[in-house]
Amino acid sequence: MAAQIYDLVGGRMILLKSAASNIQDGAGIDDLRHALLNEAKGQLEAAGVLPGDKFYKQGKAIISKLLKEDAIPDYTYRAMVGDNEIREKMLQKNVFSHHFHTDNVTFQSTLMKRYCELHSILWEG
């Protein structure tokens, strides 16, 4: 079970703590997976990047690129998104993360990446 949890959330402590709490409360791996993936979906919804949302076009472009490349340079992120408000919102809502030491943008978490991989059809075409 530990390997399954790590594969889903990676090493992000806040997500590991949440997973441990759910397990202590009696949740099985399937319930835990469902709850955590719904949390990731909620972050995408808050950022407005799900189909039909205000920033879907920009979010789709970044997500599809990150699913192929794992990290993109900040200048690429800026060029693809365009509007500063949208760029900041996606970072603030924990969809993406800017790494200042490399000046790259990645998914905020392994969980976010897993959600996007599992629902890759949303980001195609």
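Me: What should I know about the model before I start?

Reply: The model is predicted, so local features need pLDDT of at least 70 and side-chain atom pairs count only at pLDDT 80 or more, while totals for chains, interfaces and linings use all residues. Residues are numbered from 1 along each chain as its sequence is written, and side-chain values use heavy atoms, with hydrogens and water left out.

Me: In what order do the strands of the open sheet lie, and how do they pair?

Reply: Helices (H or I, at least four residues) and strands (E, at least two) are DSSP runs numbered from the N terminus, and two strands pair if DSSP finds at least two bridges between them. Here three strands form an open sheet in the order 1-3-2, with antiparallel pairing. Strand 1 (72-73) and strand 2 (96-99) are the edge strands, each pairing on one side only.

Me: How many bridges join strand 1 to strand 3, and how many join strand 2 to strand 3?

Reply: Strand 1 is joined to strand 3 (residues 104-107) by two bridges, with isoleucine 72 opposite valine 105. Strand 2 pairs with strand 3 over four bridges, and there serine 97 stands opposite threonine 106.

Me: Which residues have the most contacts inside the largest nonpolar core?

Reply: In soluble globular proteins, nonpolar side chains tend to be buried together. A nonpolar core is a set of buried Ala, Val, Leu, Ile, Met, Phe, Trp, Tyr and Cys residues joined through side-chain atoms within 4.5 Å, where buried means under 20% relative accessible area, exposed over 50%, and partly exposed in between (1.4 Å probe, protein chains only). The largest core here has 27 residues, and Leu44, Tyr77, Met90 and Phe96 have the most contacts inside it. Helix 3 (29-47) is among the elements that give two or more residues to this core, and its six residues are the largest share.

Me: Which residues does leucine 44 touch?

Reply: Contact means heavy atoms within 4.5 Å. Not counting residues up to four places away in sequence, leucine 44 touches several residues, including Ile63, Val95, Met112 and Trp123.

Me: Where is aspartate 70, and what is its phi?

Reply: Most residues other than glycine have a negative phi. Aspartate 70, in the loop between helix 4 and strand 1, has a positive phi near 70°, and this residue is partly exposed at 43% relative accessibility. Aspartate 103, in the loop between strand 2 and strand 3, also has a positive phi, of about 60°, and is partly exposed with a relative accessible area of 36%.
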